[in-house]
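Subject: Structure for your review

Dear colleague,

Please find below the structure I am handing over to you, together with its sequence. My findings follow directly after it.

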Amino acid sequence: MNRSHRRLRAAGVAVAATTVIGLLAVPAAYATDAAPDAPRLTPEALASLSDRYTPQSDGTPGLVAEASGQADAPSQTLKATQKSKSDEDVSGFESKGSIETMRGAVSPMTLDGTKDWVGVSNAGGLARYDAHGDLKWQIGAHDLSAAWQVDYESPFTTEDLTPVMFQGFNPYQPGSTGRHPFAQLDVTGDHVADVAVAYQLGVAPMEPFRVPGSDLTSGTFVSVVDGATGDMVWHTLIPGTVGSMHAQDGKLIVAQNTGPNWDLNPVAEQGDSRSSLIAYQFSGRGRHVSGKAAWTYSTNAPFAKWSDIETLGDGRITAAWTDTPMALGNPRPAAGHVLVLDTKKGRVVTDVKTPGYPRIVQKDAVKGRVLVAEQNDPYDAVRLDLTAIDIASGKRTVIASHNGAIPAGVVINPHGNGPRYLVAEVRINADLSDGPSSVVGVDANGSTRWSYTTKSTVGAPIAPITGLDVASNGVVAVSVGDGIMQSLDNPEGPLHTQLVGLDNRSGKVAWTRDGAVTGNEAVAYQGGFLTVGYDSTAWRTDKRGKTEALPLLADLYAAAAYDVNHDGVKDVIAGGQSHGVFALDGKALSHGETKVLWTQAVSQAVHGLKVGAVSDGKGKHGKGKTSERVVVATSHGFAVIDPRNGRLTSDVKTGAFQWNATIADGLILAGGEKTFGAYDAEGRPVWSYRPKGTGNKAVAYSTPAVEDGRVFLEYGGFRDSIGTGTSDPAPTAVALDLAKGTEKWAVAASGVKATWIEAQDGVRAADVPGADGNAVAFAFGGDTVSTRGHTLMLLDGRTGAPVKTYEGPGSATFQGFTSSADQGLLWLHQNAIHQVPADGSEAYFARTMANVWQGTMATAQDGSEMFIGAVGGVYSWSMPFANAPDDYQRGDGSAFAYFAGSVTAADLSKGKVTDLIALPRDYAAYNLNQEVGGYGNNPYAIDSFPHGVTILQASGSTPATGADAAAPALPQAAAEAASSEQIDASPLPRASPRRLTRS
């Protein structure tokens, strides 16, 4: 599928090659010998290979974006943040509390002098965790923006935006990203390491802002956060981007990539800037810390690209830079500079020009040398040169050359019984496509001791190495990207990775772990390794490869209310992107505090969650003692958890993606690879159902609805693409006996506007008008774009007899149901809603400016019943909708609610007013629903807003006074969501915001 992704661009427009050449010092020309078997890349091939390593502007790693094509824990209480935009940007609602959660790719950094570690998100957030993964503090995009005092110039930009960290390594060409745009040093004087981070704002998306004391309207905030408390203690705004930082000898050294950019910042500070190393030193203590530049080393070149900064010890650092374009021919100027500087004054000790691009530099095992991984100009010949530079003389020595290879990582083996150097490299095939990735053990004399080549475990065409480290016991940890397209067979395919442990002496595999088990790197931690998967689940892996999951509080997709700690206030139990379920203290949440009562890891991401009485299965027909349990729907089954303490009862793999969790009469209902069934709390089957006549065909089952002892669901086949006609088996509505699973009736859908089942939310049994209150609603999708319609079929739940059939706009635009006794059935489409009135009158069409992704009915504070829709924010409408199909329905209230994409009705406050839990949208679930019919959607969020949890109550339809007097305009967040959605059915993803280019 053709999937659109937004990419980061460097802070400036790419400088024309002729300008760059003119700015180069005039060195001696270098001639290189291109080996006859070394491939030469073309500009098109290089761009294609390089693009997959460029992150999206929302922080999604490039490899993930391409594949998308995302014991009882003690309570942890975090301080309340400043009043968030989720609370401030509210009209027609009352916010009852909100917290921000982590999003983006998270890199781990062990915190010096402690057993703790810090997770740094590339989408604006960082948090400190202990060895068990329990939170000590967490700050997000709002906290950062508030500390920076950001004020956007546009009056329409009213919400916080996620800042961007340029973290990662592109092996194919020098760029703006680096492996560690974060560092640690104690600036507060409390003997706890503080955390330095670099985040760009105002460029992706392009939203100029103002901050006190600066003329810049975009740039990178270099900030230091108190390691003990998470408070901001110092920051400064500089032009350009930062891909690497390093702390040494009391200074924070920043690699700045910048140059004139009159489009972004037509001011002298930007225009006069050149790529530089800036060393900041600090004075003061506690919260009274000031910082200033102690020295600056300038390349005198605009937009020169830096390697990472590394220590040499003894008051020295090394770094490399280049501003040399590729494709200058042979002979050509030096490709880069390798520097050695002292940290006290920034004095240049050594500056050696290298014929290859110096991609990786570090202290060599031989005293007095810098180890360099050079990349030859790939237009001339693809080659990796491992070289050493003598610091005293500047002499460059080639240790080894590998033709057809691109450097991806270098580690010096600290164990003398193995090869001296461990080199990660990407090979290039003869057709200029990605070849295999390998780790090569290289001896001191340059000979190859051993080689290990990665291989996909899920059928991906490539398995590139993204990180390399060595533990104290000599195990080499190799992080491998192994993502594939998201599908119902592989719901978490784009996030799939491998962590491979190698024996450093022989290169033999000691152990392998796969899944979403690592990100860009593994770091040595307590004798083993610490990683964070692209799904925001951290993993501790010991030297033998045994793992422990530490789910992080990231995007949450489903929630329910339950009083966990018996304080008389219901708490919020929620799960989502990371492989975990969290109990959030309701009282703390109402004050904007994050208090985690318990966390429980589960085997896959969570897509649905219910709390209810579940049988232990020890009685007849699966009956027995029932107890309150949390049931979560996962990417391949369900898990059952005791809500009182978070203990896992069972974690069941049914073999099928679950869109939601269903509990009925003590039973858990779930679809499987072959059958639909009922289970007890231990995960034991009570009964199973397989439609007659389906043979060995693959069968899809919908999320069921239950009413009056009957289970209503849809089943059908899977369509490989649109326009292929009716699925096989044909889409069918069915009723089962809840106690035994026997079929009561089945009715097949028919026609080109009913060719596949709506598995996510296609069945509704409560409060559906018709059949004396016994009607059940079933939705089915249309064949192709030109069909321009889908079907709603109302059947008598007692007999299956037809009640009414409707056709809706768009073949794949159905987005769910909600209903109430007074209002009847609401049938949601993109940017439109049908209302089937409770009194049995004719259904009618209502247009909404915002696209309602999901909705619920709620009782407002004035006692009125309202429809609440999640739109990339939350909207409220008085009921009933006006029967005016040519007009857009006017909303009564709006709330940003961290760009909410789902809203759950709950009873948190024990009153008549409905509490609303607003959470992010589960894009993966909707995409996989569309895939059943051969369609598709964005599998992961692509917005630039922070995400979190917001508790709301609707004010009501009574005319408001004061601040709420005016009916709200469409919020900016919702407007962006609406504008990015395509109303007509389409097999392609509908969210296609502006594409950002790289420099």
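In helix H8, the buried residues are Tyr 923, Ala 924, Ala 925, Tyr 926, Asn 927, Leu 928, Asn 929, Gln 930 and Val 932. Please bear in mind that this and everything below refers to a predicted model. Helix H8 covers residues 923-932, and because nine of its ten residues are buried, the helix is largely enclosed by the rest of the structure. After H8 comes Gly 934, with a positive phi near 85 degrees.

Strand S43 pairs with strand S44 (residues 626-634) in the antiparallel sense, and nine bridges connect the two. Within this pairing, Gly 612 has Arg 629 of S44 as its bridge partner.

The buried residues are Ala 141, His 142, Asp 143, Leu 144, Ser 145, Ala 147 and Trp 148. Gln 149 follows H5 and has a positive phi, near 60 degrees.

Two open sheets deserve a description. In general, the strands of a sheet pair through backbone hydrogen bonds, in either a parallel or an antiparallel sense.

S4 and strand S5 (residues 117-121) are antiparallel and share five bridges; here Ser 107 stands opposite Val 120 in S5.

The other sheet is also open and antiparallel, and its four strands are ordered S3-S71-S70-S69. Strand S3 (93-101) and strand S69 (902-906) are the edge strands, each pairing on one side only. The twist in this sheet averages 20 degrees from one strand to the next. S69 is joined to strand S70 (residues 915-919) by five bridges, and the two run antiparallel. Val 903 stands opposite Ala 918 in S70.

Strand S33 (residues 497-503) and strand S34 (residues 509-515) pair in the antiparallel sense over six bridges, and Gly 501 has Trp 511 in S34 as its bridge partner. Five residues lie between the strands of this hairpin, and Gly 507 takes a positive phi near 80 degrees there. Thr 541, which belongs to strand S37 (residues 537-541), counts as buried because its relative accessibility is 4%, below the 20% cut-off. Apart from neighbours within four places in sequence, Thr 541 is in contact with Leu 499, Trp 511, Gly 528, Phe 529, Lys 546 and Thr 547.

Is Val 439 buried or exposed? Val 439 is buried, because its relative accessibility is 0%. This residue is found in strand S29 (residues 434-442). Setting aside neighbours within four places in sequence, the contacts of Val 439 are Val 423, Ala 424, Trp 450, Ser 451, Tyr 452, Ile 465, Leu 468, Val 478 and Leu 502. The C-alpha atoms of Val 439 and Val 426 are separated by 9.0 Å, and the two residues are 13 residues apart along the chain.

Finally, the largest cavity has a volume of about 220 Å³. Of its 19 lining residues, Tyr 53, Gly 168, Phe 169, Thr 466 and Asn 520 are the closest to the centre. Helix H3 (62-68) and strand S31 (465-470) each supply at least two residues of the lining. By residue class, the lining of this cavity divides into ten nonpolar, six polar and three charged residues.

Yours sincerely

Technical notes:
Residues are numbered from 1 along each chain as its sequence is written. This is a predicted model: local features need pLDDT of at least 70, side-chain atom pairs count only at pLDDT 80 or more; totals for chains, interfaces and linings use all residues. Side-chain values use heavy atoms; hydrogens and water are left out. Two strands pair if DSSP finds at least two bridges between them. Axes are lines fitted to C-alpha atoms, for helices over the stretch in contact, and angles run from 0 to 180 degrees between N-to-C directions. Buried means under 20% relative accessible area, exposed over 50%, partly exposed in between (1.4 Å probe, protein chains only). Contact means heavy atoms within 4.5 Å. On a 1 Å grid over the protein atoms alone, a cavity is a set of points where a 1.4 Å probe fits but cannot get out, and a pocket is an open set with protein on both sides within 12 Å along at least five of seven lines; lining residues have an atom within 4 Å of a point. Grid points are joined across faces, edges and corners, and a volume is the space filled by probe spheres set on the points. Ala, Val, Leu, Ile, Met, Phe, Trp, Tyr, Cys and Pro count as nonpolar, Asp, Glu, Lys and Arg as charged, and the others, Gly among them, as polar.
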